[in-house]
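Hello,

Here is the structure we talked about handing over.

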Amino acid sequence: MDKRKNTKEWKRHGIQALWALLTNSYLAGFFYGKIYRGSLKKLCVPGLNCYSCPGALGSCPIGAMQAVIGSWNLKAAFYAAGFLMFVGALIGRFVCGWLCPFGLIQDLLHQIPFPAKLKTFPGERMLRKLKYVILVLFVILLPMFLVDVLGQGAPYFCKLICPAGTLEGGIPLVLLNRSMHSALGWLYLWKNVLLLILLFLSIFIYRPFCKYICPLGAVYSIFNPISVFRYRIDKKACTGCGTCAKVCKMNIDPAQNANHPECIRCGACKKACPAGAIH
Amino acid sequence: MSFLRPPKIGFLIAAAGLLLMGLGIYRGEMSMVWQKAINICMECIGIG
């Protein structure tokens with residue numbers, strides 16, 4: 001059973017890695033410290049993937065949303081919001097489980113053996129609401145209202161929080177461009193500290209960024225209960241043994257709510273169900 | 001995971017999402033996203 005479960009996990013990680021490679025395949029960027037400047041970047045990718053990553057071929061939907069909200073003239077981000085609605089309504093948080101490069105990194109870090117893996121802690125349920133606060137405050141309100149003299153707002157989530165931007169964009173670009181070294185300051189330090197904390201936490205807490213911080217996961221979670229691509233429970237077959245809840249690393253009970261907002265559709269419950277009641 | 005009896009509301013919202021994307025493209029948002037994405041975002045990488 002464990003072997004079967006691990007095989008399934010590695011199959012998922014393979015797909016995650018393939019997707020990450022496919023959407024970050026501008027290899028010249030990694031050699032010359034540049035980013036891709038072609039027209040594919042007009043399109044958003046479904047996962048959290050910094051468009052300043054040297055390999056990125058598409059745009060991060062959260063970055064795209066802030067870019068438009070923070071502009072002096074447009075403000076309302078119909079394109080990015082529509083994209084998130086479209087993807088969310090079709091597959092919900094399947095994106096988090098299968099198509100997000102930063103999710104893959106956290107998944108792999110959690111594979112590192114550690115004696116005390118932490119499944120939950122006091123206040124954990126409450127902490128999960130934080131990602132909605134971050135979505136509203138840092139992605140929408142601050143870029144919209146905290147503006148400069150030209151009426152332009154900064155992408156505050158990217159600027160102050162996003163560890164994916166630091167890992168995928170900041171670190172490689174700074175390593176590859178000496179000219180950037182003199183510009184490094186407290187912000188770069190802060191973002192690297194935040195990244196290190198999250199990467200360290202990922203070893204013993206499953207996907208801390210996705211659970212507590214990610215505004216993209218917050219958006220997709222809203223669509224999870226109504227998405228087209230979804231889990232179904234065969235109530236007649238379900239014996240209520242609780243195996244699905246035990247294997248769920250996102251700490252939900254699929255038998256009670258198979259399309260819970262926190263479900264990232266990783267498929268662990270489906271694989272573990274002894275009655276085959278999850279479809 | 002299943003496509004069996006999917007909720008119709010999912011399809012409706014997906015269609016509404018496409019309409020919104022179309023509206024955004026009409027307003028020039030796609031070009032703005034592109035302009036932002038083809039230049040290194042100093043804020044995103046922790047320098048700006």
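**Two domains in chain A**

Chain A is split into two domains, domain 1 (2-230) and domain 2 (231-279). Please keep in mind that this is a predicted model. The C-alpha centres of domain 1 and domain 2 of chain A are 26 Å apart.

On contacts, 27 residues of domain 1 of chain A meet 19 residues of domain 2 of chain A. Between them, domain 1 and domain 2 of chain A bury about 2,100 Å², and carbon and sulfur atoms give 48% of that area. The interface of these two domains of chain A has four salt bridges by the rule used. It also has 16 residue pairs in polar contact, both residues being at pLDDT 80 or more. On the domain 1 side of chain A, at least two residues each come from helix 1 (2-23), helix 5 (94-98), helix 7 (124-127) and helix 8.

Helix 8 of chain A covers residues 130-145 and has a kink of about 25 degrees, centred on A:Leu137. The buried residues in helix 8 of chain A are A:Lys131, A:Ile134, A:Leu135, A:Phe138, A:Val139 and A:Pro143. Among the elements that cover them are helix 3 (61-69), helix 9 (156-160), helix 12 (208-212) and helix 13 (215-223) of chain A.

A:Lys131 belongs to helix 8 of chain A, while A:Glu262 sits in the loop between helix 14 and helix 15 of chain A, 131 residues apart. A:Lys131 has 0% relative accessibility, so it counts as buried. A:Glu262 is buried too, because its relative accessible area is 5%, and the cut-off for buried is under 20%. A:Glu262 also meets A:Arg128 in a salt bridge between side chains, at 3.3 Å from N to O.

**A network of salt bridges**

Over all chains, the rule counts ten salt bridges. A:Glu9, A:Arg12, A:Asp107, A:Arg207 and A:Lys249 are linked in a network of them.

Start with A:Glu9, which forms a salt bridge with A:Lys249, with 3.5 Å between the closest N and O atoms. This pair links distant parts of the chain: A:Glu9 is in helix 1 of chain A, and A:Lys249 is in the loop between helix 14 (243-247) and helix 15 (268-272) of chain A, 240 residues apart. Are the two residues buried or exposed? A:Glu9 counts as buried because its relative accessibility is 7%. A:Lys249 is partly exposed, with a relative accessible area of 29%.

A:Arg207 and A:Asp107 form another salt bridge, and here the closest N and O atoms are 2.9 Å apart. A:Arg207 is in the loop between helix 11 and helix 12 of chain A, and A:Asp107 is in helix 6 (residues 101-110) of chain A, so the pair ties together parts that are 100 residues apart in sequence. Both A:Arg207 and A:Asp107 are buried.

**A buried asparagine**

A:Asn259 is also in the loop between helix 14 and helix 15 of chain A. A:Asn259 has 7% relative accessibility, so it counts as buried. Its side chain makes a polar contact of 2.9 Å with the side chain of A:Arg265. Leaving out residues up to four places away in sequence, A:Asn259 touches A:Asn224, A:Pro225, A:Arg230, A:Tyr231 and A:Arg265.

**Where chain A meets chain B**

How many residues of chain A are in contact with chain B? The count is 57 residues of chain A against 40 residues of chain B. The two chains bury about 4,300 Å² between them, with 75% of that area given by carbon and sulfur atoms. A:Phe78, A:Tyr79 and A:Val228 supply 17% of the area that chain A buries against chain B, more than any other three residues.

On the side of chain A that touches chain B, two or more residues come from each of helix 3, helix 4 (78-91), helix 9, helix 10 (163-176) and helix 11 (186-204) of chain A. Helix 4 of chain A gives the largest share of that side, nine residues.

Regards

Notes: Residues numbered from 1 in each chain as written. Chains lettered and ligands numbered in written order. Predicted model: local features only at pLDDT ≥ 70, side-chain atom pairs only at ≥ 80, totals over all residues. Heavy atoms only, no water. Bend = angle between axes of the 7 residues up to and from the residue. Helix = DSSP H or I, 4+ residues; strand = E, 2+ residues; numbered from the N terminus. Buried < 20%, exposed > 50% of the residue type's maximum accessible area, 1.4 Å probe, protein only. Contact = heavy atoms within 4.5 Å. Domains from an automatic or database assignment. Buried area = accessible area lost by both parts, 1.4 Å probe. Polar contact = N/O pair within 3.5 Å; in protein donor to acceptor, adjacent residues only side chain to side chain.
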